[in-house]
Amino acid sequence: MLKEFEIIKKNFQKGSASIFLGIGDDAALFEKNKDSYWAISQDTLNIDTHFLSNTNPENLGWKSLAVNVSDILAMGGHPKYALLSLSMPSANELWVKKFSRGFFKCAKNYGVELIGGDTTHGSLSISICILGEVLKSNVLLRANAKVGDDIWVTGELGLAALGLKYKKRKFDVPKALINKAIISLEKPQPIKVDMQKLAKLSNSAIDLSDGLISDLEHILSQSKVGANIFLESLPTPVWIKEKKGFSLALSGGDDYQLLLTAPEGNRQKLIQFSTKNQIKLTRIGSITANKNMALMKANGQLLTFKEKGFEHFA
Ligand code: ADP
Ligand code: MG
């Protein structure tokens with residue numbers, strides 16, 4: 001069976017677009033004015049595929065928008081407007097009220113205005129089209145990682161995947177981590193910073209939705225480079241590392257944090273940026289000229305790893 005990206009490539013990616021950037025990155029880009037582009041992107045959450053039926057509706061409202069905000073940040077931009085397409089099996093007033101409360105909390109947090117959408121009958125599915133603004137000088141393309149760049153990630157990895165496993169009763173999770181894991185899964189927190197400043201220090205970016213390995217691979221293939229990943233540096237809770245190794249951080253998915261590559265010369269500035277903005281920023285590897293991804297332990301051992309990340313048509 002064809003995989004998600006093969007389907008897109010084979011059937012929908014028809015030559016180059018008439019705008020600055022079409023299919024293939026976290027968002028498409030087209031001219032806004034002489035200094036900036038509009039960034040436009042769409043992400044959908046389907047019941048049973050992207051969320052369990054017992055998901056708190058307020059959290060679902062938050063997450064539907066947050067996963068879209070994350071794609072605009074990954075282009076180096078700021079989100080501005082959203083269109084909300086909501087398909088529901090019934091008109092449950094209380095459910096919609098809670099959903100919209102979560103949606104607007106997220107909208108307020110990231111400065112997004114709802115400007116349209118569609119409301120229809122069907123299986124529960126939320127699809128959002130988001131528009132944002134990116135300064136031309138700040139665009140972070142997947143294709144622009146440079147050999148020698150440091151690889152950075154924001155926040156923590158693997159918690160959302162842990163939350164999902166806990167909810168599906170596949171893991172016993174220590175009490176202290178349960179809430180954090182479920183909140184990471186149901187209410188992801190893309191960073192809230194001045195992207196203009198962060199983008200200036202970086203060369204490329206992608207948001208982590210399918211899992212670190214599979215998302216980083218998009219950067220590597222589009223930039224025609226490779227990467228060394230320092231496994232012990234991955235920002236994942238100690239309990240996860242001890243009990244489950246690196247797999248949740250590498251392929252868990254649903255993190256909605258950013259992976260950035262940036263020149264080594266900007267290391268100190270990025271550390272200062274993270275302190276000043278109170279965000280967690282961790283250096284997890286470097287971009288290499290040989291086109292492989294090497295998962296390296298501190299003792300020099302290489303990890304071979306098969307689970308790449310979430311694939312819709314696996
Ligand atoms: P992301 O994970 O950043 O949301 P996706 O992996 O969903 O991005 O999609 C990869 C690229 O393919 C994006 O540029 C997206 O806009 C594009 N794309 C996905 N599905 C389709 C489709 N059915 N038709 C056209 N383009 C698509
Ligand atoms: Mg993305």
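In what sense do strand β3 and strand β5 pair, and over how many bridges? In this predicted model, strand β3 (residues 78–88) and strand β5 (residues 125–135) pair in the antiparallel sense over nine bridges, where pairing requires that DSSP finds at least two bridges between two strands. Within β5, E133 is the bridge partner of H78.

These strands belong to an open sheet of five strands, ordered β1-β2-β5-β3-β4 with mixed pairing, and its edge strands, β1 and β4 (113–121), each pair on one side only. Strands are DSSP runs of E with at least two residues and helices are runs of H or I with at least four, numbered from the N terminus.

| Helix | Strands | Angle |
|---|---|---|
| α2 | β2 (36–46), β3, β5 | about 145 degrees to β2 |
| α3 (residues 93–110) | β3, β4, β5 | about 170 degrees to β3 |

Because D26 lies in the loop between α1 (4–12) and β1 (28–31) and D71 in helix α2 (residues 57–73), the pair ties together parts that are 45 residues apart in sequence. Both D26 and D71 are buried, that is, under 20% relative accessible area (1.4 Å probe, protein chains only).

Residues are numbered from 1 along each chain as its sequence is written, while chains are lettered from A and ligands numbered from 1 in the order in which they are written. Local features need pLDDT of at least 70, side-chain atom pairs count only at pLDDT 80 or more, and totals for chains, interfaces and linings use all residues, while side-chain values use heavy atoms, with hydrogens and water left out.

Notes:
Buried < 20%, exposed > 50% of the residue type's maximum accessible area, 1.4 Å probe, protein only. Contact = heavy atoms within 4.5 Å. Axes fitted to C-alpha atoms, helices over the stretch in contact; angles between N-to-C directions.
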